[in-house]
Amino acid sequence: MRHKYDEKKIRRVIGEKVQFVQGDASAVYGALLAGCSFFAGYPITPASETAELMSKLLPKAGGVYIQMEDEIASMGAIIGASWAGAKTMTTTSGPGFSLMQENIGYACMTETPCVVIDVQRSGPSTGQPTEGSQGDMMQARWGTHGDHEIIALSPNSVQETLDLTIEAFNLSEKYRTPVILLTDGEIGHLREKCVMPEKGEFEIIDRKGPTVGRDKYVPFQADESLVPSMARFGDGYHVYVTGLTHVEKGYPSTSSAEDHDRLVRRLVDKIEKNRKSITMVEKDYQKGSKIAILAYGASARPSAAAVRKLRRKRKKVDFLRLITIWPFPNEEVRELADRVDRIYVPEMNLGQLVHPIREAAEGRAKIIQVPRIGGPLHTPKEIMDAMRKKA
Amino acid sequence: MMAKKKKAYRLKHYLREELLPTTFCQGCGCGTVLNTYAQAIEELQINPKDIVSVTGIGCSSWIPSPYFKADTLHTTHGRAIAFATGVKIMKPEANVVVIAGDGDLAGIGGNHLIHAARRNVGLAVFLINNMIYGMTGGQVSPMTPLGDKTTTTPYGNPEYPFNIAEFVAAAGANYVARWTTYHVFPLMESIQKAMTKDGFSFVEILTQCPVSYGRRVGMRTGEEFLKYFKENTINSLKAKDMTPEEIGDKIIVGKIVERNRKEFTTILREMNEERRK
Ligand SMILES: Cc1ncc(C[n+]2csc(CCOP(=O)(O)OP(=O)(O)O)c2C)c(N)n1
C-alpha cells in the first residue's frame, strides 16, 4: 500500500485553518501535515486524546490507525511499518514510554525513522496520571541501553507542538533515527489558538532511497552525510535488518570490537556532527544582565512571565529557552554562562536538565535549580522568589 | 580415479550464501526447518521479493534471519509479531512470515501472539518448539515438560507446559497445525497451507535441541529425538476418536483448526476506504 501525500485531502481532514485546540490535537495535525501514514498506540492519560483523534482523522487522510495490545507492540509496529515505507508515529506517557525503551534502542540501531510523542506525566510509576511533569527528560536520553545519540524536542505551546511534530518527522527522516517529542500534561491538555501553516511555510523531508541497483546496494553503507539510504521492504533489495551489531551489508558481527566501534560511532556522529543544525533555542538577552532564566517546555511559560515581570521592575535578566533538548545545546548554554553570573533553571522535576546545563556551563556561571513536582506549573512569583533568595 | 563431485545444495539460491555454513549445532533441527521451508517456497513458486521474514531472538529466529534471502527484520526478543503487524498493515500484499522459538513466541512474546491470532492478522507464524531456551544455554521455557531438568530447574521443572497450538486456535487463528521435524513432508504441506491461507496461520514445529536440552534429559543426538517424535505422536484425525486415556502423553500432530474468518488488514482496509469516500 503506497501512501500518497495528498495535501488538499489532509487540509480537508484537519478542517479550519485557525483553531482553538489542545496540544494533543495540534500534535495530530502536525503529524498529518508531515505525512504520517501509520499510527500505532495504546491509551494512556494524558496522551489518549492524540490516539482518539488519530483514529478519527488518519483513515480519512489515507493512513492507518491501530491500537496495539501494549506500548511495546506499538513501538514494534511503527518500526515494522516504517520499513514498509510509511512515516510512522506513536504517542504515550511515562509508563508507556518506559515500556517502549527497548524498541526505541532497536530503532536507533537499525536506523529506522519514527516519531514518539511522550506527553509527560508525574511519576515514577503510575504516579499522577492527570498531572503534567518534565520527568522523562533523561529517560528520553538514556532510557534505552547502550551508547547512542537521540533527538528530542520540547514545545511550550499548542502551536509549537504542531510545528515541532512536523520537525520531528523531518529530522527522523533526514537522520534515520527515532525522534522524541517531549510534551507534557500541561501543554497536551492546554487549549490555545493554533494556525495551520501554509504550503511553503514548512518543509517536508523524505528519507533517501537507494540510488544504485539491487546488486550494488549496501544497506548500511553511508556517504559523507553518515546516513545510509533506506530501501523499502518489498522492493527487491532483500534487506537484512537486525538490532545486533552489524557490518555495512547488515549482517551480524557480534564479537568484533572494530565493527561495533565503527557502527556505533557513526550512529552517534550522524547526529552529533549535526548538533548545530538540529539545535533550536529561543534567546532573549539583555545587555549587562548578571542573571538568567533557562527553561524549556511548559515551565518556560511561567519563566517567561517572570522575566517580563523582572524587566518591568527594571531588573536586567537573560532568558534562554531550549527547544531542542537532545542533542543538548551545549554551545548555547555555554554562551549564556559566559554572559551571566547565575542561571536559574525551573524544571518540573527534581533536577534533570540541570545536570547537562551544569556540564555545559563548565563553572562559568552558578547554576541554581528551581524544582517543582506534583502537577501545577511554577508560578512566576515562585521563580522570582527563588531568585531573590539565592541572590 | 575421478574425484567425486560434490552435489550443490539445490535450494541454495534461496539462502544468503555468503553467510553459510549456518551456526546451528550438530543435530539441531533448525536446518531441517530451513530446508523444508525453502522447499515449500519453491513449490509454491513464491518470489522471495514478496516475502518479509520477521523474527525474534533465539536460535530458531536464525532460520530465516539471516539465512533466508528476503527482506528480513530480526527484531527484539518476543516482539516479532508486533513488528510484523506493522509491516503487514502497510504491505498487505506481502507474505509476512514470523519464525521464532517457543521462549520467544510463547514466553516473552505470548501477549502479541494471542492478540495477533484474535485480530486474525494475515501472518504465517512458525513457532519452533525445542522445549528450551536454546540460545541462552538451556534454561526452562514455557514449553519444557513437567519435571524436566534444565539449567534453571536443577530439581526438575515444577511448571506445566503450554498447549500453545490449542491456545492460538482458541484465540481465533484461521489455521493452526502442529508437526515435528520427523514429519518433514506433512510439515512442508502445512507450511504451504499457512503461507497461502488468508488470516492468521500458526504451525507449531516440534524440533530437537540435543545440545541445550537433549543431553540433560537423556537424548544426546538428533536421531533420538526424531525417533521419539515418530513413536510418540498421533495424528489429530485419529486422536479425534480416542479417549484422553488412550491418547495419554502422546503429542497430537496434524491440523488443529481451520476456519475462514475475514483477515484483519482486509477488514481494516475496507473500513478505511469507507471513510475516504
Ligand atoms: C528482552 C530480552 N530478554 C532476554 C534475552 C536473552 N535471550 C536471548 S535468546 C533467549 C531465549 C531463546 O529461546 P527460544 O525463544 O525458545 O529460542 P531458541 O534459542 O530455543 O530457538 C533469551 C532469553 C534477550 N535477548 N532479550
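Colleague: In this predicted model, which hand does the crossing of H1(B) and H6(B) have?
Modeller: The two helices are H1, residues 30-44 of chain B, and H6, residues 184-196 of chain B, and their axes come within 9 Å and cross at roughly 55°. Because of that angle, H1(B) lies oblique to H6(B). As for its hand, the crossing is right-handed.

Colleague: How many nonpolar residues does the contact of H1(B) with H6(B) have?
Modeller: On the side of H1(B) the contact is made by residues including Tyr37(B), Ala40(B), Ile41(B) and Leu44(B), while H6(B) contributes, among them, Leu187(B), Met188(B), Ile191(B) and Met195(B). Sorted by class, the contact has 1 charged and 5 polar residues, and the number of nonpolar ones is 9.

Colleague: Which residue of chain B forms a salt bridge with Glu69(A)?
Modeller: Chain A and chain B bury about 3,500 Å² between them, with 63% of it on carbon and sulfur atoms, and the contact takes 44 residues from chain A and 39 residues from chain B. Across this interface the rule finds 2 salt bridges. In the one formed by Glu69(A), the closest N and O atoms are 2.8 Å apart, and the partner is Arg119(B).

Colleague: How many residues apart are Lys208(A) and Asp223(A)?
Modeller: The structure holds 37 salt bridges over all chains, and one of them joins Lys208(A) to Asp223(A), with the closest N and O atoms 3.7 Å apart. Both residues sit in the loop between strand S9 (191-195) and strand S10 (240-242) of chain A, and the pair links distant parts of the chain, the separation being 15 residues.

Notes. Residues numbered from 1 in each chain as written. Chains lettered and ligands numbered in written order. Predicted model: local features only at pLDDT ≥ 70, side-chain atom pairs only at ≥ 80, totals over all residues. Heavy atoms only, no water. Axes fitted to C-alpha atoms, helices over the stretch in contact; angles between N-to-C directions. Helix = DSSP H or I, 4+ residues; strand = E, 2+ residues; numbered from the N terminus. Parallel < 35°, antiparallel > 145°, perpendicular 65-115°, else oblique. Left-handed = near helix turned anticlockwise from the far one by under 90°. Contact = heavy atoms within 4.5 Å. Nonpolar A, V, L, I, M, F, W, Y, C, P; charged D, E, K, R; others polar. Buried area = accessible area lost by both parts, 1.4 Å probe. Salt bridge = Lys/Arg side-chain N within 4 Å of Asp/Glu carboxyl O.
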